[in-house]
Amino acid sequence: MKIESRLAQIGSVQEPVTGAVSYPIYQSTAFRHPRLGESTGFDYARTKSPTRTVLEQAAAELESGDAGFACSSGMAALQTIFALFKQGDHLIVSLDLYGGTYRLLERIMSRFGVTVSYVDTNDIQEMANVARPETRAILIETPTNPLMMITDLAAVCNWAKEQGYLTIVDNTLLTPYYQRPLELGADIVIHSATKYLGGHNDVLAGLIVTKGEALSQEMAILHNSIGAVLGPQDSWLLMRGMKTLALRMERHQYNATRLAEYLLAHDAIEEVYYPALKHHPGHEVQNRQSSGNTGIFSFRLKDARYVEPVLRHIRLIAFAESLGGVESLMTYPAVQTHADIPEEIRRRVGVDDRLLRFSVGIEHVEDLIADLAHALEEARLEIAAQ
Ligand code: PLP
């Protein structure tokens with residue numbers, strides 16, 4: 001079946017007792033055993049829980065993996081994955097990285113002796129230069145957030161396999177609807193399911209999908225041992241969101257493309273970073289490895305004085321710190337999502353005081369353009385009056 005059908009049907013045909021079309025929320029932590037030595041398949045909810053299992057199986061299937069693991073947040077998913085590594089291990093990680101992932105690596109994983117080199121993961125030579133005998137894995141975001149840099153996944157996964165490294169891909173921005181890294185050779189996919197998969201700015205969740213039996217078994221041990229698992233209510237909410245993923249992603253892409261084109265032509269804007277635009281350096285690779293584009297992009301204003309009034313004058317678009325929901329949100333990465341990244345790294349990748357990130361929702365595109373046009377014009381008038 002096509003992915004649209006599989007998404008719409010998540011959990012719909014699996015409840016054998018009542019035939020409930022919407023899979024029930026099993027709000028139980030303990031499960032009665034039929035007799036000594038027997039189990040229904042469920043013993044204790046941290047290890048396995050029915051509603052979460054349906055979600056995990058759907059995640060594994062959608063990402064073309066072997067096992068799925070639902071976690072209490074995207075960060076919990078990343079921490080569970082990082083528990084694969086031990087004292088002395090070294091990781092190669094995307095330079096333009098979500099700030100929370102950077103903080104977890106630098107403030108927490110560093111205490112356990114795990115070291116990290118931050119590079120442009122599209123540059124295999126640069127990765128070869130930082131590689132060491134202790135290197136274990138490459139962590140890639142593609143597109144990166146906020147600068148939308150694209151990594152050629154098949155090329156990097158090939159190289160990583162030759163070196164014996166695991167490849168971990170954060171697929172939050174594109175979702176399996178548009179990109180499936182495990183099909184391109186990656187070993188692990190991670191999602192902040194809080195974003196497009198949930199899609200409604202109302203559930204915090206993370207997903208891990210693994211490829212291969214040994215890795216899947218090890219991840220099951222880590223997931224159960226660490227215990228940062230997703231509860232039944234949130235598992236259900238996430239599945240409900242995922243049922244409409246295909247429709248939402250199409251609309252996010254359409255709106256984001258129109259808005260990116262509008263901003264590119266606006267005289268207050270210096271640059272727009274969105275892989276759907278032909279002049280984007282990753283445009284061709286993105287088209288090759290993904291079947292569509294995400295709904296977020298970033299843009300750089302010509303004058304930093306625009307930032308404050310633009311954020312004050314947007315009305316429909318909320319000045320808020322997330323992405324991937326049906327409501328449009330605007331973020332100032334340098335002081336919000338990426339504040340934990342040292343200024344030197346931020347400057348190197350271009351996360352400066354003129355950069356705004358726009359998570360384009362599913363509202364009518366003309367309303368969004370009108371809101372932005374109004375905020376930019378108010379900002380221009382205020383600056384002119386200074
Ligand atoms: N990965 C990416 C690309 C993100 O954008 C985020 C959050 O913004 C995370 C991981 C962390 O996910 P969560 O906020 O669900 O813990």
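**Entry 1: what I'm looking at**

I'm working with a predicted model, so everything below is read off a prediction.

**Entry 2: the helix pair**

I started with helix α2 (residues 50–62) and helix α9 (residues 232–242). Their axes come within 8 Å and cross at roughly 40 degrees. Angles under 35 degrees would count as roughly parallel and 65 to 115 as roughly perpendicular, and α2 and α9 are therefore oblique to each other. I also looked up the hand: α2 passes α9 in a left-handed crossing.

Which residues make the contact? From α2 I noted Thr51, Arg52, Val54, Leu55 and Leu62, and from α9 Pro232, Ser235, Trp236, Leu238, Met239 and Met242. Sorted by class, I get eight nonpolar residues, two polar and one charged for this contact.

**Entry 3: cavities**

How many cavities of 30 Å³ or more turn up in the whole structure? The search gives three.

The largest cavity holds about 40 Å³ of space. I wrote down its lining: Ser94, Leu95, Asp96, Val119, Asp120, Thr121, Glu141, Thr144, Met149 and Thr151. That lining splits into three nonpolar, four polar and three charged residues.

For the second largest cavity I also have a volume of about 40 Å³. Its lining is Ala59, Leu62, Glu63, Pro176, His191, Leu197, Leu207, Val209 and Met242. Two elements, α2 and β7 (206–210), each give two or more residues to that lining. By class, I find seven nonpolar residues here, with one polar and one charged.

**Entry 4: the loop between β4 and α6**

Then I walked along the backbone. A cis peptide bond joins threonine 142 and proline 143, with omega at about 0 degrees. Proline 143 sits in the loop between β4 (135–141) and α6 (153–163).

Asparagine 145 and proline 146 are joined by a cis peptide bond too, and there I read omega as about 15 degrees. Proline 146 is in the loop between β4 and α6.

What is the phi of methionine 148? It is positive, about 60 degrees, although this residue is not a glycine. Methionine 148 lies in the loop between β4 and α6 as well.

Conventions. Residues numbered from 1 in each chain as written. Predicted model: local features only at pLDDT ≥ 70, side-chain atom pairs only at ≥ 80, totals over all residues. Heavy atoms only, no water. Axes fitted to C-alpha atoms, helices over the stretch in contact; angles between N-to-C directions. Helix = DSSP H or I, 4+ residues; strand = E, 2+ residues; numbered from the N terminus. Parallel < 35°, antiparallel > 145°, perpendicular 65-115°, else oblique. Left-handed = near helix turned anticlockwise from the far one by under 90°. Contact = heavy atoms within 4.5 Å. Nonpolar A, V, L, I, M, F, W, Y, C, P; charged D, E, K, R; others polar. 1 Å grid on protein atoms, 1.4 Å probe; cavity = no way out; pocket = protein on both sides within 12 Å on 5 of 7 lines; lining within 4 Å. Points joined across faces, edges and corners; volume = space filled by probe spheres on them.
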